[in-house]
Amino acid sequence: MATSSQTPFGSQNLPTINLLDPRSIVSNEIVEACVELGFFKVINHGISYEIIEKVKKEGFNFFGKEMFEKSLAGQASSTNPLGYGYKNIGSRGDMGELEYLLLSAHPSYIAEKSITISNDSSQFSSAINEYIKAVNALTCKLLVLIAEGLNIQDTSVFSRLIMDEDSDSLIRFNYYSPTSNNAEIGFGEHTDPQLLSLLTSNDVDGFQISVQNDEWIPVPADPNAFWVNVGDMLQVLTNGRFSSVRHRALTNSSKPRLSVIYFGAPPLLASISAPPEMLSNIGYSLYRTFTWAEFKDNFYRQRLTEGRLNYFKNE
Ligand SMILES: O=C(O)CCC(=O)C(=O)O
Ligand SMILES: [Fe+2]
């Protein structure tokens, strides 16, 4: 296997996982991609084109509204990140003209909130909830495959965290308006804090991952696939075997770009600690046990690019 100092990956050969391949091959390939990059693409994932397209259509409908109507979805702020945000994400290291809508992935929250988001709230909530159910199931499946590939006996040890009905998972729509004059707009570099993030977009490029310090690989858009990011919590739960992937988005297109990201997160009070099998290689836990609530509380006070996990390291 290649070492990270001579990573063989580029835009054209990012790890692609075909979920129709034999299970043991898939689980090994996913683990290899997570160790090497913290990132992979999933094809033949089983989520229908219609489910994905309906969600993108709802996203485009929302961002096409007048500013005052979008604000009815609640202005995201530093004390409450949920709702509609526009340009006001700069304080944590993001940048640009990005607009976004960040929602809890609870079906009842979506149903309630949809009244402020869409003129046809039942259509919005059924499209989004159907999508959330499908991506949650896919995320759980990937987490079980990861546990299998890591030879962890309790194969649902990771997926249980996001299957829990109290899970703090989120869905986020990002809208990058068309640019002119070569102006790049985007979302600044960061790692996602949760376990896994599943990203889909329309056919406009923009997503990039970092493989080494300062080397960015553009990830070509593929509306039929999901891009999967390892988040900070999976780094902790694998005791550093996986690293959360640094990524960003930069668009420069006459067409708007829409991305939809599902962030699979634990319940607020869940204890985050690596299972015993993950401690065997170095013999101790790199991180102290903490709750997801404690981690969230800490990271909202920091810039996105800072090493948020350092605070939780064992001395
Ligand atoms: O919009 C994108 O493609 C990436 C956005 C992202 O990384 C995020 O919302 O966490
Ligand atoms: Fe992200």
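Predicted model: local features only at pLDDT ≥ 70, side-chain atom pairs only at ≥ 80, totals over all residues.
Residues are numbered from 1 along each chain as its sequence is written, and side-chain values use heavy atoms, with hydrogens and water left out.

**View 1. Protein donors of the iron ion (ligand 2).** His 190 (NE2), Asp 192 (OD) and His 247 (NE2) lie 2.1 to 2.2 Å from the iron ion, donors being N, O and S atoms within 2.8 Å of the metal (3.2 Å for Na, K and Ca). The donor residues follow the spacing H-x1-D-x54-H in sequence, and the pair of His 190 in strand β6 (residues 185-190) and His 247 in strand β11 (residues 247-251), 57 residues apart, links distant parts of the chain. Strands (E, at least two residues) and helices (H or I, at least four) are DSSP runs, numbered from the N terminus.

**View 2. Packing of helix α1 (residues 23-36) and helix α5 (residues 121-149).** The two helices pack at an angle of about 90 degrees with their axes 8 Å apart, the axes being lines fitted to C-alpha atoms over the stretch in contact, and angles running from 0 to 180 degrees between N-to-C directions. Contact (heavy atoms within 4.5 Å) involves residues including Val 26, Ile 30 and Cys 34 of α1 and Leu 142, Leu 145 and Ile 146 of α5.

**View 3. Cys 34 and Cys 140 without a disulfide.** A search of the whole structure finds zero disulfides, a disulfide being a pair of cysteine sulfur atoms within 2.5 Å. The sulfur of Cys 140 is 15 Å from the closest cysteine sulfur, in Cys 34, and therefore too far for a bond.

Methods. Chains lettered and ligands numbered in written order.
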